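Hi,

Here is the structure I promised to pass on to you. Have a look at it first, and then read my notes below.

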Amino acid sequence: MLKEIKQLQTVVFAIFLRELKTRFGKYRLGYLWALLEPFLVIAVFVGIRGILTGSLRGGVEKFIYHVDYPLFVAAGILPFFMFRHTVIQVMNSIEANRGLFAYQPVKPIDAMIARWLLEGVIFVFLWIIVFSILHFLGFKTEVKDPLGLIFLYFILYVFSFGIGVTFCIIVNIYEELRNVVSPVMLLLFFLSAIFYSINTIPKKGQTYLLWNPIVHFIELSRASLFPLYEADVCSLKYVTVCTAISLFLGLTLYRLKIREVLASE
């Protein structure tokens, strides 16, 4: 058992380094782009709001939450990007590393875990850098519940892995479905309370949006991040159940279908 765990660690670490070099090594601005992407999106939404309201600092329902809008958007963009990138990277892990599976110690799950870990590392550094820069620019970045925030990010991280593994198996069996993922992610971008608060949506609209677990993850993380922010309509139990289901479904599909996936070209 210990030997298998050690072998898993060795293989995953080797693939992790390979993925790191592949993702960033061949582009001089690779690391910089990882930072610029969320800032560009934040700048777009802050700019649009600034044009509409005449203020770049006006928060969402500021008289209730006292949240500066750039911080509000950053708190939505960063976890959503982590979810989207993790799902896509894990989904494409078999296709990108198929040549490695000729070596007996290397298994598809190793490539999935390596990409998952890399996205986690990127998210942590990106979150620290983005909020540090916003703090330097004069925006108040006090964290109300650090442990609660870390826990929510972690279960979102695990949820992303489960969805990524599920998509990986499905798109490798039904290749035509691979083209559906990008439109779905784009739709989720607008339906996940990234640049607006669920509290500003009418009750009837909330009923439909709250089926989306990403809304719960983002709004609950904002409630842990901002001292006066409220997310009473969101449920920690719901996201925990969704995470457990996604992980169970992904690993079950992997166990049942991985031989079929590897046999297909």
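F190 is partly exposed, with a relative accessible area of 43%, whereas F189 is buried at 11%. Here, buried means under 20% relative accessible area, exposed means over 50%, and partly exposed lies in between (1.4 Å probe, protein chains only). This is a predicted model, where local features need pLDDT of at least 70 and side-chain atom pairs count only at pLDDT 80 or more, while totals for chains, interfaces and linings use all residues. Residues are numbered from 1 along each chain as its sequence is written, and side-chain values use heavy atoms, leaving out hydrogens and water.

Now to the rings. The whole structure holds 18 aromatic pairs; rings of Phe, Tyr and Trp (its six-membered ring) pair if their centres lie within 6.5 Å, and planes under 30 degrees apart count as stacked, over 60 as edge-to-face and the rest as tilted. Y69 and F72 make a stacked pair, 6.0 Å centre to centre with 15 degrees between the planes. Both Y69 and F72 are buried. The rings of F189 and F190 have centres 5.3 Å apart and planes at 85 degrees, so this pair is edge-to-face. Ring pairs also link a cluster whose members include F45, F80, F189, F190 and F217.

What sits over the ring of F72? The charged end of R222 does, 3.7 Å from the ring centre. For such a case, NZ of Lys or CZ of Arg must be within 6 Å of the ring centre and within 35 degrees of the ring normal. R84 likewise lies over the face of F81, at 4.6 Å from the ring centre.

Enjoy exploring!
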